[in-house]
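Open the model in your viewer and show it as a cartoon. The stops below go from the whole chain to single strands and back.

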Amino acid sequence: MSVLKESTKLTTSNISSLVGTGAGFDLMRYFTLPDFLGKDAPYLLYYMGKNIARQTSLETFDELFEFFQYMGWGELIKIKEKKNELTFHLKGHIIEKRLHQTLLDVDFRLECGFLSESIKQMTDDTYECFEEINKKDNVVEIKAMKA
């Protein structure tokens, strides 16, 4: 059940009132959810990302990139576009910090789910996203493949 009113969608202009440091979210993402969900946590995070995107009103890739920044998910950049595949880099200070912390195995399943659903809303094509972490270059490469 959504807490948002039916007519209210998340946008880059109204999301700033919801943003905090992200520490509370990281506690839920890396401690609470895996404890409750076990090995299914990454799959559910992906679908949680898709659900967040359904509650969001983004019409362009520029709005999508801005939304990632507002959410504290990092700097998302489209680096390659082919007929059935888009490639993005997710980088920035927050990504570097997440990649090099030592307490947790990080993933980007929530971000991938959000990205796949956002692309679907913008293009009317179904995409699935997969991430590849490159700690050496402090970047996460996300491939969006047309399903």
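What share of the contacts in the chain with a separation of 6 or more comes from residues 24 or more positions apart? The share is 58%. Keep in mind that this is a predicted model.

**Whole chain.** Color by secondary structure. Along the sequence they follow the pattern α-α-α-β-β-α-α-β-β.

**The sheet.** Select the four strands. They form an open sheet in the order S1-S2-S4-S3, and the pairing is antiparallel. At the edges sit S1 (75-81) and S3 (127-134), each pairing on one side only. From one strand to the next, the twist averages 25 degrees.

**S2 and S4.** Now select residues 85-91 and 139-146. These are S2 and S4, antiparallel strands joined by seven bridges. Zoom in on leucine 86: opposite stands alanine 144 in S4. In general, strands of a sheet pair through backbone hydrogen bonds.

**The helices across the sheet.** Select residues 61-71 for helix H3. H3 lies across S1 and S2, at about 145 degrees to S1. Next, take residues 109-123, helix H5. H5 lies across S1, S2, S3 and S4, and runs at about 140 degrees to S3.

**Surface.** Of the 147 residues, 35% are buried.

**Confidence.** Color by pLDDT. The chain mean is 86, and 84% of residues reach 70 or more. Finish at residues 1-6. There pLDDT stays under 50, and the model has three contacts beyond four places in sequence for this stretch. Where pLDDT is low, predicted coordinates should not be read in detail.

Notes: Residues are numbered from 1 along each chain as its sequence is written. This is a predicted model: local features need pLDDT of at least 70, side-chain atom pairs count only at pLDDT 80 or more; totals for chains, interfaces and linings use all residues. Side-chain values use heavy atoms; hydrogens and water are left out. Two strands pair if DSSP finds at least two bridges between them. Helices (H or I, at least four residues) and strands (E, at least two) are DSSP runs, numbered from the N terminus. Axes are lines fitted to C-alpha atoms, for helices over the stretch in contact, and angles run from 0 to 180 degrees between N-to-C directions. Contact means heavy atoms within 4.5 Å. pLDDT is the predictor's confidence in each residue, from 0 to 100. Buried means under 20% relative accessible area, exposed over 50%, partly exposed in between (1.4 Å probe, protein chains only).
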